[in-house]
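Let's take a friendly walk through a protein model, stopping at its pockets, its packed helices and its aromatic rings. Have the structure open beside you as you read.

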Amino acid sequence: MSKVILTGDRPTGRLHVGHYAGSLKRRVELQNSGEYDKIFIMIADAQALTDNADNPEKVRQNIIEVALDYLSCGLDPEKSTLFIQSQIPELCELSFYYMNLVTVSRLQRNPTVKSEIQMRNFETSIPVGFFTYPISQAADITAFHATTVPVGEDQAPMIEQTKEIVHKFNSVYGETLTDPSILLPDSQACMRLPGIDGKAKMSKSLNNCIYLSDSEEEVRQKVMSMFTDPGHLRVQDPGKVEGNPVFIYLEAFCRDDQFARYLPEYRNLQELKDHYSRGGLGDVKVKKFLNQVMQEELEPIRTRRREFEKRIPEIYEILRKGSEVAQAEAAKTLSEVKRAMKINYFEDAALIREQTERFASGC
Ligand code: ATP
Ligand code: MG
């Protein structure tokens, strides 16, 4: 079986270091591993509209921002198909048929949908499109026969829901769709990177992000203003490392060789953590180190972005071509789906023969 990746991001803002740790960095590694036959990276504008219906301009503006972030991180259109979700009408058609395979109560139980409804204060006015976006995500994944979906932890319930749809479809209509596997980041810190405000998840919608495109000074200011352990008031006080965003970020981003260069009195993160827990290590010193680590990671991305920003028409062309390739792939799957569901009447020679005989025999 060929190995296929499908993943993507909503164009609701520029991409942040949570995306990078949770999915983007991994995607680039997988792309360059040469182990995958096809890689599809989707800018999920139709999904972004499910909770931004009154603000299409936001989505329109952010498509290019996300594409610039992709290219600056190393996604390569020669190796990965970059495309825009709304340009593939087959995805809507697939969603429409999958809707019959999912119950309202199952969607209501989806923990990510539940928490996002709460976060967006939808209460009882939940847009139907938003409520059903896990189904459209199943369409996105299955349209490309994806075997692997590299995402952050918040997406686990979506992949679970997709797998249920695949099983249901295949058991009702016969083996047609591919069962995908989620690929989560290796470390707990990258699964769900917290915001700089210490909230559980860095998210564009929560305004607590370090963006990949932030300037050196913006990154420095954000790191220095980060939430730490509120009980760690004086340098000599013992500090808490668990749940402390500064240490979670170090977990996600720092390497041992950076200690030798920036903080030679410690050999690794464990030694730094031990000192913080014992007391006697100030937040400012840790944050300064984190800033150096983040700048080292982000500087090459920033530099590449500045180059790509000079080539905007070319980037739209990459997305147009990618969308064409993606549409051809999705169209193939849609026709397999319609054949399995026996709604491909005009190419169903058996049906036409059967009906001809039925009427000829007069019954
Ligand atoms: P929005 O607030 O509009 O939902 P978002 O910041 O949650 O935006 P998405 O576009 O929904 O971003 O997510 C894109 C991908 O990035 C998904 O695979 C998701 O799991 C991953 N991701 C998003 N935020 C984080 C995070 N804080 N830590 C790890 N992975 C993340
Ligand atoms: Mg999200």
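The lining of the largest pocket is made up of 17 nonpolar, 16 polar and 12 charged residues. Here Ala, Val, Leu, Ile, Met, Phe, Trp, Tyr, Cys and Pro count as nonpolar, Asp, Glu, Lys and Arg as charged, and the others, Gly among them, as polar. This is a predicted model, in which local features need pLDDT of at least 70 and side-chain atom pairs count only at pLDDT 80 or more, while totals for chains, interfaces and linings use all residues. Residues are numbered from 1 along each chain as its sequence is written, chains are lettered from A and ligands numbered from 1 in the order in which they are written, and side-chain values use heavy atoms, with hydrogens and water left out.

How much space lies in the largest pocket? About 930 Å³. Of the 45 residues that line this pocket, Arg10, Glu116, Asp154, Gln155 and Lys201 are the closest to its centre. A pocket is found on a 1 Å grid over the protein atoms alone, as an open set of points where a 1.4 Å probe fits, with protein on both sides within 12 Å along at least five of seven lines; lining residues have an atom within 4 Å of a point. Grid points are joined across faces, edges and corners, and the volume is the space filled by probe spheres set on the points. At least two lining residues come from each of β1 (4-9), α1 (17-33), α6 (111-119), α8 (133-143) and α9 (156-173). These helices (H or I, at least four residues) and strands (E, at least two) are DSSP runs, numbered from the N terminus.

The second largest pocket has a volume of about 260 Å³. Among its 16 lining residues, Ala46, Thr50, Cys92, Ser95 and Ser136 are the closest to its centre. Helix α8 gives the most to this lining, with 4 residues.

Next, look at helix packing. The axes of α3 (residues 56-73) and α16 (residues 312-340) come within 11 Å and cross at roughly 90 degrees; axes are lines fitted to C-alpha atoms, for helices over the stretch in contact, and angles run from 0 to 180 degrees between N-to-C directions. The two helices are therefore roughly perpendicular (65 to 115 degrees). Their contact (heavy atoms within 4.5 Å) includes Ile63 and Leu71 of α3 and Tyr316 of α16.

Finally, the structure holds 12 aromatic pairs (ring centres within 6.5 Å). Phe83 and Phe144 have ring centres 5.2 Å apart and planes at 50 degrees, so this pair is tilted, being neither stacked (under 30 degrees) nor edge-to-face (over 60). Phe83 lies in strand β3 (residues 81-84) and Phe144 in the loop between α8 and β4 (148-150), so the pair ties together parts that are 61 residues apart in sequence.

Conventions: Parallel < 35°, antiparallel > 145°, perpendicular 65-115°, else oblique. Phe/Tyr/Trp six-rings, centres within 6.5 Å; stacked < 30°, edge-to-face > 60°.
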